[in-house]
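Biologist: I have a model open and some questions about it. Can you take me through it, piece by piece?

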Amino acid sequence: LTINALYCNISSNEIVDVTGTSLHDIEYKVIRTPNDPDVTYDDDPLRILRCIRFASRYGWDIEESTFNGMLRNVHRLSIITRERVKDELNKMLVSANPVMAMELLRTTGAMHYVIPQLEEAYDMEQNEYHFGTVWEHTLAVLNNIESKRLELRMAALLHDIGKIRVRSVEDGKVHFLRHDEASADMVDEILRPLKYSNDFIDDVTFLVRQHMDTKTWGGECEAMKLKRLRKLQYICKTEERFRDLMTLIDADNKAHSVD
């Protein structure tokens with residue numbers, strides 16, 4: 001990127017802008033390739049994901065020709081190893097604006113080469129307990145996660161993915177019965193090919209599977225039973241996992257319809 005193409009003359013301590021646009025792009029917060037985007041992305045298609053990562057990290061705009069080059073070359077992400085894709089995805093999820101990163105993955109078509117299962121969630125309508133589509137709800141939950149723990153943000157991204165498998169309509173009403181279990185079952189299917197560790201997959205799977213566990217407790221936990229709380233703490237095994245689960249549940253609750 002032009003913002004990474006600055007040099008320092010160590011003799012004169014002068015900053016050298018070899019592209020002629022680097023300083024401009026830093027000042028005006030622009031993500032731009034230093035060469036023809038088609039050449040840049042043909043040389044290494046992973047740069048498409050890096051553009052998304054830098055844009056979401058800083059909240060900057062992607063220059064039009066650079067963005068259009070991403071659209072033209074996104075199919076070349078198919079040749080990139082899953083480990084390299086995983087590394088970029090991780091950095092996006094723990095960035096200051098993971099929602100922006102996920103939306104750029106969607107609008108560029110890059111999500112097809114990262115987590116293709118999420119594409120089905122883009123336009124999937126929900127029931128009266130949720131606003132927007134499954135995708136819009138997912139982004140709202142992710143946005144509610146202040147912690148930068150990767151396991152937690154990944155769980156937020158995947159917590160409702162099972163809805164694409166279990167959605168049904170009965171008497172005009174939409175249902176997602178046992179979607180928490182379906183979502184948990186899909187975590188391994190999604191993360192294993194990306195070469196995540198067993199421990200990481202286990203942590204994300206647990207959070208996703210249990211994210212509905214407090215739905216019957218009431219808005220102010222007025223219906224919570226101490227025995228049920230103790231059982232939940234027991235199956236979490238560690239205080240960190242329990243806190244992560246409570247954080248995910250809280251983020252999910254805040255993303256529900258207010259009606």
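Biologist: Where does Thr2 lie, and is it buried or exposed?
Modeller: This is a predicted model. Thr2 sits in the segment before strand 1 (6–9). Its relative accessible area is 1%. The cut-off for buried is under 20%, so Thr2 is buried.

Biologist: Which residues does Thr2 touch, leaving out those up to four places away in sequence?
Modeller: Thr2 lies before strand 1. Leaving out residues up to four places away in sequence, its contacts are Thr19, Thr21, Ser22, Asp25, Arg32, Thr33 and Pro34.

Biologist: In which sense do strand 1 and strand 2 pair, and which residue is the bridge partner of Cys8?
Modeller: Strand 2 covers residues 14–17. Four bridges link strand 1 and strand 2, and the sense is antiparallel. Within strand 2, the partner of Cys8 is Ile15.

Biologist: Where is Lys195, and what is its phi?
Modeller: Lys195 is in the loop between helix 10 (179–191) and helix 11 (198–210). Lys195 counts as partly exposed, at 47% relative accessibility. Lys195 is not a glycine, yet its phi is positive, at about 70 degrees.

Biologist: How are helix 5 and helix 6 set relative to each other?
Modeller: Take helix 5 (residues 82–93) and helix 6 (residues 98–108). Their axes come within 8 Å and cross at roughly 135 degrees. Angles over 145 would count as roughly antiparallel, and 65 to 115 as roughly perpendicular. The two helices are therefore oblique.

Biologist: Which residues make the contact of helix 5 with helix 6, and how many are nonpolar?
Modeller: Helix 5 brings Leu89, Met92 and Leu93. Helix 6 meets them with Pro98, Ala101, Met102 and Leu105.

Biologist: Why is helix 7 largely enclosed, and what covers its buried residues?
Modeller: Helix 7 (residues 134–143) has ten residues, and eight of them are buried, so it is largely enclosed by the rest of the structure. Among the buried ones are Trp135, His137 and Leu139. The cover includes helix 5, helix 6, helix 8 (150–158), helix 9 (163–166) and helix 13 (239–254).

Biologist: What does Arg149 touch, not counting residues up to four places away in sequence?
Modeller: Arg149 is in the loop between helix 7 and helix 8. Arg149 counts as partly exposed, with 27% relative accessibility. Its C-alpha atom is 7.0 Å from that of Val94, 55 residues apart along the chain. Its contacts, with residues up to four places away left out, are Glu240 and Asp244.

Biologist: How many helices and strands does the protein chain have?
Modeller: Of the 259 residues of the protein chain, 47% count as buried. The C-alpha trace spans about 70 × 40 × 35 Å along its principal axes. The count is 13 helices and six strands.

Definitions and conventions:
Residues are numbered from 1 along each chain as its sequence is written. This is a predicted model: local features need pLDDT of at least 70, side-chain atom pairs count only at pLDDT 80 or more; totals for chains, interfaces and linings use all residues. Side-chain values use heavy atoms; hydrogens and water are left out. Axes are lines fitted to C-alpha atoms, for helices over the stretch in contact, and angles run from 0 to 180 degrees between N-to-C directions. Angles under 35 degrees count as roughly parallel, over 145 as roughly antiparallel, 65 to 115 as roughly perpendicular and the rest as oblique. Contact means heavy atoms within 4.5 Å. Buried means under 20% relative accessible area, exposed over 50%, partly exposed in between (1.4 Å probe, protein chains only). Two strands pair if DSSP finds at least two bridges between them.
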